[in-house]
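Reader: Please show me the model, and then I will ask how its labels were reached.

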Amino acid sequence: MAGTDLATSSAPATEAAGAYEDRESFHLDLERYLIEARALKYWIAGIFALGLVAGLVVTLLSTQLFQANARIEITQVAANVTDIDPVESEARVSELQYLNTQYELLESRFMAVRVLESGNLLRDEEFLEVFDLQESQGYSQSFVEDILLENISISPITQSSLVDLGFSSASPQVSARITNLWAQEYISANYEKRFGANIEARDFLSEQIEELRERLAISEQELVDYANANEILVLEGVDSASGSDTATQTLIAADLQALNRALANALTDRITAEAALASGDLSSQDIGNQLRTELTTAEAELAKLKANFGPEYPPLLEKEAEVNSLRGSIASDARAALDAASIRERDLRAQLERAKSRFIGQQDQGIQYGILKREVETNRELYDALLQRFKELEASGAGQNNIKLIDMAGVPEEPYAPSPLRNGLIALLASMIVSGGLVYMRVLLSQTLRDPQDVPRRLGIPVLGLIPKVRTDSIANEILTRSSELSEAYKSVRTNLTFLTPQGAPRALMVTSSVPSEGKSISSAALATSFSQLGKRTLLIDADLRNSKLATTLDVDGHGKGGLAALLTNSAPIGSEALVLEDFGFDYVPIGHKPPNPVELLAGPRLRQLIDEAQTEYDQIIIDGAPMLSLADAIELSRAVDGVIYAIESDRVKLRAIENSLDRLRRTGAQVYGALVTKVDENNAAYGYGYGYGYGYGYGAVPETEPAK
């Protein structure tokens with residue numbers, strides 16, 4: 001295949017390339033990776049073989065592991081057999097959030113610590129032997145915790161509240177024992193979490209109750225001791241408005257009240273006795289009831305005698321003497337009663353004064369007694385309240401755990417690891433990853449032009465032709481042989497150039513490249529030959545004033561005349577320096593002597609004048625320009641020609657460097673018509689571009705000759 005067809009449209013090449021990229025970029029990128037994979041097929045096969053061998057070796061050398069599984073049920077809400085709320089209220093959370101929290105707790109270091117301590121694993125010889133832990137190694141507790149966490153696994157069962165808990169080790173007995181221990185510790189930890197606050201509260205209240213009991217006993221003893229020391233005897237307890245007991249509740253207060261009442265009675269008796277004695281009316285006095293009876297009888301008899309007898313009647317006189325005697329006796333008794341009442345009054349008043357003094361002295365003591373009494377009552381109330389709360393917490397601590405053990409772990413009979421199938425799949429997956437990485441790195445690190453379609457896709461210019469890589473002793477002979485692959489390839493390029501404009505191929509074309517030895521000089525000579533074979537008068541100008549190899553390619557002497565360097569410094573006609581190459585059929589202007597200032601010569605107006613002059617004498621002008629590199633020679637040449645043909649060697653120069661060179665050309669206003677992909681070989685066949693053209697012309701085992709430029 002000699003090349004690709006060039007679009008006949010006059011639209012910019014970048015628009016066509018952009019549309020093509022949008023349509024085919026994914027397919028071409030994937031194809032690039034597939035092609036690189038084919039190129040690395042032996043490497044990839046070796047990687048897969050090595051991976052499978054490694055998987056087999058790992059399977060054979062790995063220790064057998066046994067996993068025991070227990071199943072637990074986790075429900076969000078647990079029933080409480082009492083109506084008493086726990087100390088901590090349970091937050092309402094979503095079931096998913098609750099379950100996820102429990103899953104994390106199951107695999108937490110908190111559980112590892114509990115299992116480690118509960119099972120005393122640091123001194124469990126069987127456990128230490130299974131995990132190859134020796135006391136001489138000096139392992140820490142955290143290291144053993146990490147071992148537990150690495151070997152525990154949690155597997156929630158979808159759409160249920162069941163969870164499978166598993167532990168793996170080299171011993172089936174150890175796996176089963178630790179699995180069951182882990183489940184039991186988790187259930188216990190959950191119970192402590194739910195009702196641990198109640199337990200702690202009960203312990204705290206128990207301590208407080210004991211302390212209050214001692215304080216209450218001490219305060220009661222202080223109250224009794226104070227009452228005994230101050231002879232305070234409480235007869236009754238009456239709460240006052242202030243809630244304290246006053247001094248009227250003591251024995252002294254009661255005595256004071258009794259003495260006050262007795263004194264009042266004694267005072268009444270004295271006054272009554274005095275009044276009776278003063279009035280002589282002794283009837284109201286309780287003075288000898290017998291004497292008053294006798295007096296009454298005697299007075300009655302005396303009255304009777306006076307009524308019947310005269311005053312000198314002896315019985316009458318005797319009766320009067322008796323009456324007077326009885327009255328005297330009664331009067332004496334009245335005076336005695338008055339004296340007794342007075343004495344009693346004085347005694348009671350004295351006792352009242354003494355009691356009053358004691359009562360006044362005891363008032364201050366009563367205040368202190370009330371303070372001590374209130375302290376006793378306060379301690380008793382606190383004690384009763386805490387005791388009642390303690391009884392409530394005793395009842396609320398009987399809640400039901402919301403996590404249950406459904407199935408205990410049994411001793412596993414067969415190991416679950418190593419698994420040959422799983423290790424094989426892992427080896428295949430690892431091999432695929434390594435192979436993919438290798439292909440990716442090859443594509444990433446080899447950002448050269450391998451697929452010719454990268455030219456329109458990445459560079460935004462069409463492909464004018466694909467030039468095969470040939471093996472020959474003479475490039476000139478290949479160019480001159482019309483049936484050779486090289487000649488046929490450039491004929492295809494010439495045909496594509498005729499479609500660039502409605503008038504045909506642009507008359508003045510410059511061929512350049514990114515770096516030397518990409519085939520631009522051969523392309524210039526071959527295109528000039530191809531145009532001359534078409535019957536056009538063609539001029540080939542060697543404009544690489546720094547390092548020209550075109551004369552060597554054409555096998556002519558390019559330094560015999562002044563050449564282009566001389567034409568740029570004088571006003572001689574261009575034909576004066578042109579060489580007629582009859583074998584190739586075109587005229588050739590060599591560079592002549594290398595000038596010291598090539599950029600200044602090319603930047604002057606003389607170059608444009610020479611090309612305009614050449615266009616009046618020749619049908620086609622091909623200029624072999626200098627490579628882009630970081631030089632400005634090709635930039636100055638592009639301003640004097642109709643357009644540029646860019647030569648790109650396959651799989652050599654980074655696309656980024658080519659993009660930068662093309663950007664430099666475009667910024668100067670140069671028209672880049674397309675690219676020639678040179679040195680296409682069998683490596684490009686995977687992209688659909690062969691290096692043979694099907695004419696059956698071979699070159700035998702001839703040493704490969706690389707074009708100079």
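Sheet and helix packing

Author: In β4, I403 is the residue that stands opposite I74. This is a predicted model, where local features need pLDDT of at least 70, side-chain atom pairs count only at pLDDT 80 or more, and totals for chains, interfaces and linings use all residues. Residues are numbered from 1 along each chain as its sequence is written, and side-chain values use heavy atoms, with hydrogens and water left out.

Reader: How do you know that strand β1 and β4 pair?

Author: Two strands pair if DSSP finds at least two bridges between them. Four bridges join β1 (residues 66-74) to β4, so the two count as paired. Strands here are DSSP runs of E with at least two residues, and helices are runs of H or I with at least four, numbered from the N terminus.

Reader: What makes β2 and β4 the edge strands?

Author: The open sheet has the order β2-β3-β1-β4, with antiparallel pairing. Each of β2 (152-156) and β4 (403-407) pairs on one side only.

Reader: Why are α14 and α15 called roughly perpendicular?

Author: Angles run from 0 to 180 degrees between N-to-C directions, with axes fitted to C-alpha atoms, for helices over the stretch in contact. Under 35 degrees counts as roughly parallel, over 145 as roughly antiparallel, 65 to 115 as roughly perpendicular and the rest as oblique. Helix α14 (residues 485-497) and helix α15 (residues 520-533) pack at about 70°, and are therefore roughly perpendicular.

Reader: Which residues of α14 meet α15?

Author: Those in α14 are L486, Y490, K491, V493, R494 and L497. Contact means heavy atoms within 4.5 Å.
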